[in-house]
Amino acid sequence: ALAKKYIRCAEYLATILANVVVTDSRVIQEYYEHRYGKASLCIAYGSDVVKPSPGKYLSKWGLRPRKYVLFVGRLVPENCAHHLVAAFSELDTDMKCVIIGDAPYAEEYIRLLKAAAGDSVLFTGYLFGEGYRELASHAYAFVETSEVGGTHPALVEAMAFGNCVVVNNTPQNLEVIGDAGFWYDGTEGGSSLRQVLQRLLSDPSIVREYGAKAEVRAAKCYSWQEVTTQYEELFRALAS
């Protein structure tokens, strides 16, 4: 309860102490406007990535290209990795589920998550840089289960890697994928996600189609060149 109050206080102070408020999605922009009457500048994240070839990191984890579904994020309850674990336990597939991430302050949640996971679910812990890029480049599909936050960097990067993406149907996630991905009902959790994943696992052609669409959307809407240009314009305006 204290942490929630602190976050709310910090959220409010940002609207009155900063010269400019920057939000990372239109949904969050509207939230600040409606809740605090504060206009903000919307600048999202960039998604430009380098795609490495399959290599030592896939070998390390015993993975094959396009033979696993990927999640990347902090393993905390609000990021809802349990939706994916629950969904995968009921899927008829020989694919793996790879979960990249950790959280030093959520030991109990992670313990329960791993206890519920079957043999097909692999937890890598934290993975950055080359290892992250290699696994993210060769997934069959990427799943973003988070129910909070704005534009998730891992999601826009997954799209740039050419992954078919599936998201929890929060307004923020739906804003990012547009018509270039799939969604499941976050209020239903794993049962809804399972249905979406079963369809995708049964039809590789639609996975390839939407992977290509996601890559195009990432390049068009989430370019680092555009992001840096917007920040340069902002800093010039502040400096003047």
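Helices (H or I, at least four residues) and strands (E, at least two) are DSSP runs, numbered from the N terminus. With that in hand, hi everyone, let's walk through this structure. What you see is a predicted model, where local features need pLDDT of at least 70, side-chain atom pairs count only at pLDDT 80 or more, and totals for chains, interfaces and linings use all residues. Residues are numbered from 1 along each chain as its sequence is written, and side-chain values use heavy atoms, with hydrogens and water left out.

Let's begin with the sheet. Six strands form an open sheet in the order E5-E4-E3-E6-E7-E8, and the pairing is parallel. At the edges are strand E5 (121–125) and strand E8 (182–184), each pairing on one side only. From one strand to the next, the twist averages 25 degrees. For anyone new to this, strands of a sheet pair through backbone hydrogen bonds, either parallel or antiparallel. Here, two strands pair if DSSP finds at least two bridges between them.

Now find E3. Which strand does E3 join through five bridges? That is E4, and the two run parallel. Along this pairing, Tyr-68 stands opposite Lys-96 in E4, and Phe-71 stands opposite Ile-99 in E4.

Next, burial: buried means under 20% relative accessible area, exposed over 50%, and partly exposed in between (1.4 Å probe, protein chains only). Five of the five residues of E3 are buried, so E3 is largely enclosed by the rest of the structure. Both of its faces are covered, with Tyr-68, Leu-70 and Val-72 on one side and Val-69 and Phe-71 on the other. Strand E4 (residues 96–100) is mostly covered, with four of its five residues buried.

Over at E8, the partner is E7, and three bridges join this parallel pair. Val-166 stands opposite Phe-182 in E8. Helix H9 (residues 190–202) packs on the sheet, touching strand E3 (68–72), strand E6 (141–144), E7 and E8. The direction of H9 makes about 150 degrees with that of E8. Those angles run from 0 to 180 degrees between N-to-C directions, and axes are lines fitted to C-alpha atoms, for helices over the stretch in contact.

Now for two single residues. Is Asn-163 buried or exposed? At 1% relative accessibility, Asn-163 counts as buried. Look for Asn-163 in the loop between helix H7 (153–160) and strand E7 (164–168). Leaving aside neighbours within four places in sequence, its contacts (heavy atoms within 4.5 Å) include Arg-66, Phe-142 and Tyr-210.

Lys-114 is found in helix H5 (residues 107–116). Lys-114 is partly exposed, with a relative accessible area of 46%. His-82 is 32 residues apart from Lys-114 along the chain, and their C-alpha atoms are separated by 9.3 Å.

Last stop, the largest pocket. On a 1 Å grid over the protein atoms alone, a pocket is an open set of points where a 1.4 Å probe fits, with protein on both sides within 12 Å along at least five of seven lines; lining residues have an atom within 4 Å of a point. The largest pocket is lined by 22 residues, and among those nearest its centre are Ile-7, Glu-11 and Glu-78. Five lining residues, the largest share, come from H1.
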